[in-house]
Amino acid sequence: MSDRDDIFKRADEFLAVFRRGAEFTRELVEENQRLRGQIVEVDRRDNDAAQDTTEWGKLRQQLLTHIEGLEVEKEDVLERLRALEEENRQFANRYVEIEEENNNLANLYVASYQLHSTLDLSEVLKIIIEIVINLVGAEIFCVYVHDDKTGLLEPVAAEGEKVPAFPSVPMGTGIVGVSVASGDTHATDSNGSADYESPIVSIPLRVEDRPIGAIAIFKLLAQKEQFTLLDHELFTLLAGHAATAIFAAELHAQSERKLNTIQGFIDLLTK
Amino acid sequence: MERHRILIVEDSPTMRQLLVFALKRLKGAEIVEAQDGLDGLRKVTSDDFDLALVDINMPVMDGLKLISLIRDEDGLKDMPIVVITTEGAKEDRDRALALGADEYLTKPIQANKVLAIAKALLKIE
């Protein structure tokens, strides 16, 4: 390529750059004019507003009043929201309480239902044991029945230990004897006692003033840390219902024996 | 309404009644009771269940044996099983879980815990 051609090429490039610059300058001038127009318009509006102060003041006052109204409304809504949240919280707590109460009542109902589901003494004792294991959560305990002839409370059923391991208890003596004689449940906060004359709980079983027996708890299951309100309600239920269940089963057994004796006599006389 | 068939294998009528009371609160729950492991095995292999609650200490066949037999059945490998027992010791829980139980409840049972576990295993919201 010759020097001449090179010069022409460079001249063309320069011209192209110059044209782009000219175009850019023209755009800048146009934008400048547009912005100037906008500034003039804003100034005009400002002047108009400044001249109409009464109208602005009125509008401002209206807006302030409206804002105050909205503030009051907001406070009212927030207050109602707080009240609703509180009510909701109370409902949730009440729901939990009712749910717990429902569970407790179900437990008490099942215990009562099962205790009166049979007239067989051994079945009644089995049910008492089931209730004390499954509902109270005891590991070692003994059921005593009062012997009318000797006046002793005799161990008749037990869990966690063989029946002979538990001593007979004279009425009015020791924790169990005193509990049955007085009709008061003895309950401690301890979860175990190795002394089989000192249970942690003694539930007297009585029908009116008649002693029927007792349930003595010596140790709770490992996972049972302490007695709950339901446990104490169960003690009260057992004190009444287990006593009547044992009493009814004993009466039934007696009546069965007497019936058989009478039937034997009748058979003897009529044959 | 979705139904949930639940089998309770428990020798104590008191416990069975308590569990029925608790589980009846689940919508669509259909509860079947078995009084020992053998009775439970018969029922679980002759019908479809979505969940089984099994006591460990039972006459005729104990709960651990029942769980191992259930897990040997082809169609029952995934059925959720909850073990119920008086034993709180970790080794008993581990033994039951190793045999294939999914959850573990210790006595005295609480209805809300039974419900929570059943809902979780049955994937009920």
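This is a predicted model: local features need pLDDT of at least 70, side-chain atom pairs count only at pLDDT 80 or more; totals for chains, interfaces and linings use all residues.

Trainee: Okay, so which residue does A:E139 form a salt bridge with?

Mentor: The partner is A:K219, and the closest N and O atoms of the pair are 3.8 Å apart. A:E139 sits in strand β1 (residues 138–146) of chain A and A:K219 in strand β6 (residues 210–220) of chain A, so the bridge ties together parts that are 80 residues apart in sequence.

Trainee: And A:K219, is that buried, exposed or partly exposed?

Mentor: Partly exposed, because its relative accessibility is 35%, and that class runs between the buried limit of 20% and the exposed limit of 50%.

Trainee: Why can side chains pair up like that anyway?

Mentor: Side chains of opposite charge can pair when their charged atoms come close.

Trainee: How do A:D148 and A:R210 come out for accessibility?

Mentor: A:D148 has a relative accessible area of 53%, so it is exposed. A:R210 is at 40% and counts as partly exposed.

Trainee: How many salt bridges does the structure hold over all chains?

Mentor: The total is 23.

Trainee: Which helices of chain A supply residues to the side that touches chain B?

Mentor: α2 (53–115) and α3 (121–136) of chain A each give at least two residues to that side. The largest share, nine residues, comes from α2(A).

Trainee: What kinds of residues make up that side of chain A?

Mentor: By class, there are 10 nonpolar, seven polar and three charged residues.

Trainee: And how much area is buried between the two chains?

Mentor: About 1500 Å² between chain A and chain B, with carbon and sulfur atoms giving 56% of that. On the chain A side, A:V110, A:N134 and A:Q223 supply 35% of the area buried against chain B, more than any other three residues. In terms of residues, the contact takes 20 from chain A and 19 from chain B.

Trainee: What does A:N134 meet on chain B?

Mentor: One partner is B:S12: a polar contact of 3.5 Å joins the two side chains. Setting aside residues up to four places away in sequence, B:S12 touches A:E130 and A:N134. Counting pairs with both residues at pLDDT 80 or more, there are seven residue pairs in polar contact between chain A and chain B.

Trainee: Where is B:S12, and is it buried or exposed?

Mentor: B:S12 lies in the loop between β1 (4–9) and α1 (13–23) of chain B. Its relative accessible area is 4%, so it is buried. Within chain B, a polar atom of the B:S12 side chain lies 3.1 Å from the backbone nitrogen of B:M15.

Trainee: What about B:M1, buried or exposed?

Mentor: B:M1 is exposed, because its relative accessibility is 84%. B:M1 belongs to the segment before β1 of chain B, and leaving aside neighbours within four places in sequence, B:M1 is in contact with B:K27 and B:G28.

Trainee: Last one: how is chain A divided into domains?

Mentor: Into domain 1 (1–104) and domain 2 (116–260). The C-alpha centres of those two domains lie 81 Å apart.

Terms used
Residues are numbered from 1 along each chain as its sequence is written. Chains are lettered from A and ligands numbered from 1 in the order in which they are written. Side-chain values use heavy atoms; hydrogens and water are left out. Domain bounds come from an automatic or database domain assignment. Helices (H or I, at least four residues) and strands (E, at least two) are DSSP runs, numbered from the N terminus. Buried means under 20% relative accessible area, exposed over 50%, partly exposed in between (1.4 Å probe, protein chains only). A polar contact is a pair of N or O atoms within 3.5 Å; within protein, one must be able to donate a hydrogen and the other to accept it, and residues adjacent in sequence count only if both atoms are side-chain atoms. Contact means heavy atoms within 4.5 Å. Buried area is the accessible area (1.4 Å probe) that two parts lose on being put together, summed over both. Ala, Val, Leu, Ile, Met, Phe, Trp, Tyr, Cys and Pro count as nonpolar, Asp, Glu, Lys and Arg as charged, and the others, Gly among them, as polar. A salt bridge is a side-chain nitrogen of Lys or Arg within 4 Å of a carboxyl oxygen of Asp or Glu.
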